[in-house]
Amino acid sequence: MSATTAAPPLAGPTGSGPSAPPPAPRRRRRRRWVSSSLAAAFCAVWVFPVYWMVNTAFKPRPEVLTTTPRFVPSDPTLANFVGAVTASDFLVNLRNSVIVVSGTVVVAVVLGIFAAAALSRFRFPGRRTIMVVVLAVQMLPSTALLIPMFVMFNSVDLLGTYAALVLAYVATVLPFSIWVMRGFFLAVPVEVEEAARIDGASTWRVLVSVLFPLVAPGVIATSIFAFIAAWNDYLFAYTFMREQSRYTLPVWLASFSNPNSGTDFGGQMAASVLFSLPVVVFFLFIQRNLVAGMSAGAVKG
Amino acid sequence: MAPVGTTAPRRASATAGAGSGGATAPTAVPPSRAARARRRDRAPLLLLLPAGLVLTGVTVVPIGFLVFTSFTDYDQRTLFTGAYSVVGLQQYVTLLGDEEFWASLVRTVLFTAAMVAGSVVIGMGVSHLMTRVGRAWRYAMTVVLILAWAMPNVASSLVWNWLFQPGYGVVNWLLAQLGVFGDTTDLNWAEDPALAYTAIWLLIVWQAVPFIALTLNAAETQVPAEHQEAARLDGAGELLVYRAVTLVFLRPTLLLITILSVIWDYNVFNQIWLVSRGGPGDSTSTLGVFTYVTAFVGFDIGLGAAISVVTTLLLLAMTAVYIRSLLRAGEDL
């Protein structure tokens, strides 16, 4: 650390020290300009795939497959969206997704809030070990759960059911729900709890009437995390739900890339927009928590 | 005989004594307080119990079963009849002698390294750029980053297939306009291993940079400006200020991000599966794809379980490093 506080001594022609005038305004302005154009270039490149998805989604069929790509649809249409929504089991698969995702959110949030309360407001032996296990579990490769769950669910005839998917998602979502909720509990000052205790509230009373209301924003954030994780999962749904009527939306979406429907890119992109929209909206809500939570290792990639 | 006979009762009486002593000791303390302390001790247990039971059921039990399965010849027939036999280490012997396994492992390691290096370096650049631009540009960059980050990877994989489509894909058209690579209009990215890797690499990096850039940027804004100012006054150029001052402050964050990226990129499956299916041939088949194909296309579930166990062990080693550095970074577990 001491190395940083002492700035490196510089010799040579540039090392004229404090006597050197600060960078001329013109140079600074030029530097600003360079930074701004780099930022513009970055934004253009990074937003391009999203822009291209949206752009294609609004193109009528003949405008999609053109040898010179059109950067703005000259005759924008909603036909691709209508086609995606009305065709091929969209509503059935949407319902499947909604059922499985809500089941996961409810289980993960309810169990997560209790566990997080225990892990943040109490000191007891083994607490550290539990946190380490919770962290380690969420780093497991998905096949490590996929294979045994497939075999186990097969032997009890759970494959193809909502319960199978909810159980699989709880396994991946609950650990990080605990981790995220715990952060919200830790942010509540101990004094609040002590004040309630002094007023004679029991441990349960403190939890239910004092702590839980204070971590309500955490419940919302955790629900959104759980929603996104379950909504986005492709691998478990693809493996467990073999019948089209049982697909969830990611499997429905991926089935668009079949060779037989391979050239309807307008439809594919419209479906991608529809599928991504709720996630993007939620993401904007929780972006701040996400940066803080993920840097603590909260979310599985 | 005698010593045993004498010690046994003595031990019993000793415990009885301790028991009665234990019973009498709390009377010295107000009993209500002791009782309350004990009750409070039970609270975390009760709170943890539901989550603990469920997590045991959905993670510990399956992991145990995975290990067990890797010692059996579980396959497609077993799924229907339930019949299998325990074959000991046979699957592991097969696996270690399988060239395809070693090839997948090498691919996974190299590809992970390439993805991590790419996304961390670009992420560092973007984070630094965000500290050097005006508020409007910083806001624009944040929005763009969040858009890329938020895209579900199934959707982004489909978008990638369309961007890189031979014949009508916009990437081929743009490359053709550049003219550096000749007429690239019909370039088939899925047919050539190097091109398939490039497309997947771009996809992963595109989605990995936002987290890295935003996290690093959050850390970079915490770097005390006095230090950078002092270095600048001493005549240090921007590059040197970044290297000698900013990077030193960023190091802990950078370490965490790198380890997390290694873990995530090592586990990448969806994007590879949806963009290349591990092809052409099996040139982009990483451990994840190899496991999936073995277990769910060939239904050689015993062998698939063995691959998964080996994959998990390798990953656990990395996770241990991650948790250790979390602890060292002062995260209060």
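Analyst: A nonpolar core is a set of buried Ala, Val, Leu, Ile, Met, Phe, Trp, Tyr and Cys residues joined through C-beta atoms within 7 Å. Buried means that 20 or more other C-beta atoms lie within 10 Å of a residue's own; with 12 or fewer the residue is exposed, in between it is partly exposed, and C-beta atoms are placed from the backbone. This is a predicted model, in which local features need pLDDT of at least 70 and side-chain atom pairs count only at pLDDT 80 or more, while totals for chains, interfaces and linings use all residues. Residues are numbered from 1 along each chain as its sequence is written, and chains are lettered from A and ligands numbered from 1 in the order in which they are written.

User: Which residues have the most contacts inside the largest nonpolar core?

Analyst: They are Ala115(A), Val170(A) and Leu253(A), in a core of 170 residues. Helix 8 (residues 162-186) of chain A supplies the largest share, 17 residues; a helix here is a DSSP run of H or I with at least four residues, a strand a run of E with at least two, both numbered from the N terminus. At least three core residues come from each of domain 1 (24-82) and domain 2 (88-295) of chain A, with bounds from an automatic or database domain assignment.

User: What makes a residue one that Leu253(A) touches?

Analyst: Two residues are in contact if their C-beta atoms, placed from the backbone, lie within 7 Å. Leaving aside residues up to four places away in sequence, Leu253(A) touches Ala271(A), Ser272(A) and Phe275(A), and also Val154(B), Ala155(B) and Leu158(B).

User: How many residues does each chain bring to the contact?

Analyst: Chain B brings 90 residues and chain A brings 87 residues. On the side of chain B that touches chain A, helix 2 (residues 31-69) of chain B gives the most, with 17 residues.

User: How is that side of chain B divided by class?

Analyst: It has 67 nonpolar, 18 polar and five charged residues. Ala, Val, Leu, Ile, Met, Phe, Trp, Tyr, Cys and Pro count as nonpolar, Asp, Glu, Lys and Arg as charged, and the others, Gly among them, as polar.

User: How far apart are the C-alpha centres of domain 1 and domain 2 of chain A?

Analyst: These centres lie 33 Å apart.
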